[in-house]
Amino acid sequence: MNAQDAMAKPVRHSRMAMWRHQHAWCLRDSLRQLARRPLGSALTIAVMGLALALPLAFYLLLVNVQHLAAALGDSQSVSVFLKPAVTAEGADKLAASLRARPDVGAVAIRTPRQGLAELAAMQGFGDAIKSLPDNPLPFALLIEPRAGAGRAQVEAMVQALRALPDVDLVQDNGQWRARLDALIALGRRVTLLLAVLLSAAALLVIGNTVRLDIRSRADEIAVQQLIGASAAFVRRPYLYEGAWYGLAAGIVAVLLVVLLEAVLAAPVRDLVASYAGRLRFGGLSWVTLAMALAVAVALGWLGAWVASSRHLARLQP
C-alpha cells in the first residue's frame, strides 16, 4: 500500500484507530525503505554502532577502574618517621599529644623491632636483615586523619607534622589516592566528551542518510503535499526510519560491548584469582545497556526529524 492509497482509503474508523493505522503504515513503509538498500543501510548502522560502542567501552573501563580504586581502599593514613634519637618514651609522649589534635582520628606506634620484622617478612629481604649489626629503623607513628576530613585538612595536618622537632620524615599515604581520584575524574570527563562528540557524529550520519532518502523520494513527497498531506504525515515515515537506524545501531553497540566483555573475561578472571578475590571487575548493567539503546533510538529519531524538517521548510512557499 502506497501513500496515496493510504490517504484515499475511506475513513471508517474512529480517530484513534485512524491514527494507529497511519503509524502502522509508516512503520512498515520505513522498514521497506531500509530493505530496499541493504548495503547502504548496513553500512550506516555499522558506522553508528561503532560510534556508540566507543563511549560504552570507555565507560566500562572507567567503571572497573573505580572498582579497582575501591578495592585498594580510601585510606588517607600518614606515616611519621621519628628521628633516630627519639626514645620509646619520647614516641609515647608525641603520640599522646597528637591524639589530642582535632584533625587526628587515631595514632599507632610502630617500634623499630616491628618495622624490622615487617622488612624481614618481605620476600628477598630476610638475608639482608640478618646481616645487619643492629636495628637502624626509628620509631614510627601511623596516623589516621579524623573521619570525614577533606584532602585540604589532611595536607594541613601533614605540614604541621613536618614542622615538629622530633619528626624526621612524613609520608603522606593518601596522596596516591588523591591522584587516583583525580585520574578517575579526568576519565569520567573524557568519557562524557567522547559520548557527546560521537553521539553528534551518529546524529549527522542519520541526518545525512535520511536527507538522501528524502531527495530520492522528492516526487512522492510533492504528490503527498498536492493532495493535502500534512507536514507531520509526510515527516512520519522518515522519523520511523531514523528510529530504526538508531535501534539497529544501538543493538550493534550493545553486542560489541558484550563481545568485548566476553573476550576480556578470561584474563580478568586470572587477575582476580591472583589477588585472592580482593579485586572486583564486572560488566555494564542491563539498565545501562537499555539506556544506551534508548539513547541510540532517540538520536536516530532526532537526526531524521532535523533532516526532514529542513527539507519540508524549503518546500514552503
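Student: What is the order of the strands in the open sheet, and how do they pair?

Tutor: This is a predicted model, and its open sheet of 4 strands runs S2-S3-S1-S4 with antiparallel pairing.

Student: What makes S2 and S4 edge strands?

Tutor: Count partners. Strand S2 (104-110) and strand S4 (167-172) each have a single partner strand, so one side of each has no neighbour in the sheet. From one strand to the next, the twist averages 20°.

Student: How do you know that S1 and S4 pair?

Tutor: A pair needs at least two bridges. Strand S1 (residues 78-82) and S4 have 5 bridges, in the antiparallel sense, so they count as paired. Take Val80 as an example: its bridge partner in S4 is Val170.

Student: On to the rings. Why is the pair of Trp25 and Phe233 called stacked?

Tutor: Two values matter here, because a pair of aromatic rings is described by the distance of the centres and the angle of the planes. The structure holds 1 aromatic pair. The ring centres of Trp25 and Phe233 are 5.9 Å apart, and their planes are at 5°. Centres within 6.5 Å make a pair, and planes under 30 degrees apart make it stacked, so this pair gets that label.

Student: Which parts of the chain does the pair link?

Tutor: Distant ones: Trp25 is in helix H2 and Phe233 in helix H10, 208 residues apart.

Student: Are those two residues buried or exposed, and how do you know?

Tutor: Buried means under 20% relative accessible area. Trp25 has 1% relative accessibility, so Trp25 counts as buried. Phe233 has 7%, so Phe233 counts as buried too.

Student: And why is Ala265 called partly exposed?

Tutor: Ala265, in helix H10, has 31% relative accessibility. That value falls between the 20% and 50% cut-offs, so Ala265 counts as partly exposed.

Definitions and conventions
Residues are numbered from 1 along each chain as its sequence is written. This is a predicted model: local features need pLDDT of at least 70, side-chain atom pairs count only at pLDDT 80 or more; totals for chains, interfaces and linings use all residues. Side-chain values use heavy atoms; hydrogens and water are left out. Rings of Phe, Tyr and Trp (its six-membered ring) pair if their centres lie within 6.5 Å; planes under 30 degrees apart count as stacked, over 60 as edge-to-face and the rest as tilted. Helices (H or I, at least four residues) and strands (E, at least two) are DSSP runs, numbered from the N terminus. Buried means under 20% relative accessible area, exposed over 50%, partly exposed in between (1.4 Å probe, protein chains only). Axes are lines fitted to C-alpha atoms, for helices over the stretch in contact, and angles run from 0 to 180 degrees between N-to-C directions.
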